[in-house]
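Visitor: I would like a close look at one part of this model, please. Could you walk me through it slowly?

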Amino acid sequence: MARNRLDVHRLPVPSFDISRRNVLFGGVATLAAFGLPMRLLADPTSPASVLAPHGNNQGESHINMITTKDGTEIYFKDWGTGRPVVFSHGWPLTADAWDAQMLFLGENGYRGIAHDRRGHGRSSQAWNGNEMDTYADDLATLIETLDLKNATLVGHSTGGGEVARYIGRHGSQRVSKAVLIASVPPLMLKTQNNPGGLPISVFDQIRAGVVADRSQFFKDLSTPFYGYNRPGAKISQGVRDSFWLQGMQASIKGAYDCIKAFSETDQTEDLKQFDVPTLILQGDDDQIVPFADSGLLQSKLIKGATLKVYPAAPHGMCTTHADQVNADLLAFLKS
């Protein structure tokens, strides 16, 4: 699905970025518990023309796009030089959610690459393909187009599912390490085989909130996402505004379909296929993706994985605990 444009690959970029059970039932599962309102209840250009310039001029001088096999254009940032670190963002965010990590790693000798998932941010608002298999295939297209090797894949929340499905679907030939941060695998939905999950009604409420008034939904969701409903929390209105802005860049179709993708995709077998060093980071006060049913299970399913739990950290820990996350990422990359 190509945009109508003169040449989207060469448009100048503006100088700014628009940029368990019981736990989750206190989060998005029953937002009312927070006192929140119930409404919350193919462009055929050659690949060479879409590669970011790699060297002294590398960065945001032009809009970087790759085109997938179904014609969807995927926007990506490509900052710095060195060993590549590829970031996959959470729902309903964009590559901008990784700015703190991208800047830090770029200044420490790494090449950071972060894309907007289809239907999100500056990527095409594709009607189809808003599910985990295609998300993983889009990531594969990005990695292959940029010819990345020995890359570290980092995924937060839904992005962790994308990373897991990439390894399960495409293998780790181009991957040297993986990092899952507050990630959705193995499965959020309650099933016979996953009794600790959440009932489908929880995710139906999220869908209803997106359809009825996604703008207000995203404003409200930012509170438990960053743990701002906890006593003593240092609330940043700027962070909340950024969350809302990134969410509103997603198409309603992409945002709506992605709810099913992150909640109903069983990734147990994907996690069992990890054969690279893996770091798992999560807060034990994650109100969006309960730690007992995600990070803890990931550490049991991924052979040799290292689990690090952040006391009292929320789901949006890459922002609220950026310095700690950055230090742990750098140490892992250097290990």
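Visitor: Between which strand and which helix does the loop with Pro92 lie?

Guide: Happy to show you. Pro92 sits in the loop between strand S3 (83–88) and helix H2 (99–106); helices (H or I, at least four residues) and strands (E, at least two) are DSSP runs, numbered from the N terminus. Its peptide bond, from Trp91 to Pro92, is cis, with omega near 0°.

Before we go on, a word on the ground rules. This is a predicted model, where local features need pLDDT of at least 70 and side-chain atom pairs count only at pLDDT 80 or more, while totals for chains, interfaces and linings use all residues. Residues are numbered from 1 along each chain as its sequence is written, and side-chain values use heavy atoms, with hydrogens and water left out.

Now follow the chain to Asp147, in the loop between helix H3 (132–145) and S5. Asp147 is not a glycine, yet its phi is positive, about 50°. With a relative accessible area of 44%, Asp147 is partly exposed; buried means under 20% relative accessible area, exposed over 50%, and partly exposed in between (1.4 Å probe, protein chains only).

Ser157 is another non-glycine residue with a positive phi, near 55°. Ser157 belongs to the loop between S5 and H4, and Ser157 is buried, at a relative accessible area of 5%.

Strand S5 (residues 151–156) and S6 run parallel and are joined by 6 bridges; two strands pair if DSSP finds at least two bridges between them. Thr152 stands opposite Lys177 in S6. From S5 the chain crosses through helix H4 (residues 158–170) to S6, a right-handed β-α-β crossover. Right-handed here means that, with the strands pointing away from the viewer, the path from the first strand over the helix to the second runs clockwise.

S6 itself (residues 175–181) is mostly covered, with 6 of its 7 residues buried. In a regular strand the side chains alternate between the two faces of the sheet. S6 also runs parallel to strand S7 (residues 278–283), with 4 bridges joining the two. In that pairing Ile181 faces Leu281 in S7 as its opposite residue.

Pro186 lies in the loop between S6 and helix H5 (200–225). The peptide bond from Pro185 to Pro186 is cis, with omega near 5°.
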